[in-house]
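Morning, everyone. Please put the structure up, and let's talk about charged side chains.

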Amino acid sequence: MKKDSKIEETPQVLEHSVSGSLSFKDQMKQDIIPRVWQMAEKEKEHLNWLIDNNAPKEMIETSQKYLSHFRQRHKEYIEYADGLS
């Protein structure tokens with residue numbers, strides 16, 4: 001049975017865990033903020049798939065809400081991390 005090539009292409013950021021040796025600000029900038037962006041990108045792909053496959057309106061609306069949420073959190077986390085000293 002052939003493996004799905006998408007499963008094998010794991011971005012490096014997923015393999016890193018939040019390091020205890022980094023400051024909280026560095027953890028935010030190096031690990032947390034990129035992961036939130038990655039979540040938004042995955043949700044965008046999912047939303048496009050739902051639209052392309054004529055998914056029910058409720059599913060599309062829910063995905064749009066999640067995408068908006070992830071983008072908003074990403075923006076807020078950047079602003080928060082920039083304010084840390």
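How exposed is glutamate 41? Glutamate 41 is partly exposed, at 23% relative accessibility. On this scale, buried is under 20% relative accessible area, exposed is over 50%, and partly exposed is in between, with a 1.4 Å probe and protein chains only.

Some ground rules. This is a predicted model, where local features need pLDDT of at least 70, side-chain atom pairs count only at pLDDT 80 or more, and totals for chains, interfaces and linings use all residues. Residues are numbered from 1 along each chain as its sequence is written, and side-chain values use heavy atoms, leaving out hydrogens and water.

Now the salt bridges. The term means a side-chain nitrogen of Lys or Arg within 4 Å of a carboxyl oxygen of Asp or Glu. The structure has four. I'll take you through some of them.

Back to glutamate 41. Its partner is lysine 44, at 3.6 Å from N to O. Both sit in helix H3, three residues apart, about one turn of the helix. Helices here are DSSP runs of H or I, at least four residues long, numbered from the N terminus. Lysine 44 is partly exposed too, at 31%.

Next, helix H4. Glutamate 61 and lysine 57 are both in it, four residues apart, again about one turn. Their closest N and O atoms are 3.8 Å apart. Glutamate 61 is partly exposed at 32%. Lysine 57 is exposed, at 58%.

Last one. Which residue does aspartate 82 pair with? Lysine 29, with the closest N and O atoms 3.2 Å apart. This pair links distant parts of the chain, 53 residues apart: aspartate 82 is in helix H4 (residues 57-83), lysine 29 in helix H3 (residues 24-52). Lysine 29 is partly exposed, at 39%.

Methods. Helices (H or I, at least four residues) and strands (E, at least two) are DSSP runs, numbered from the N terminus.
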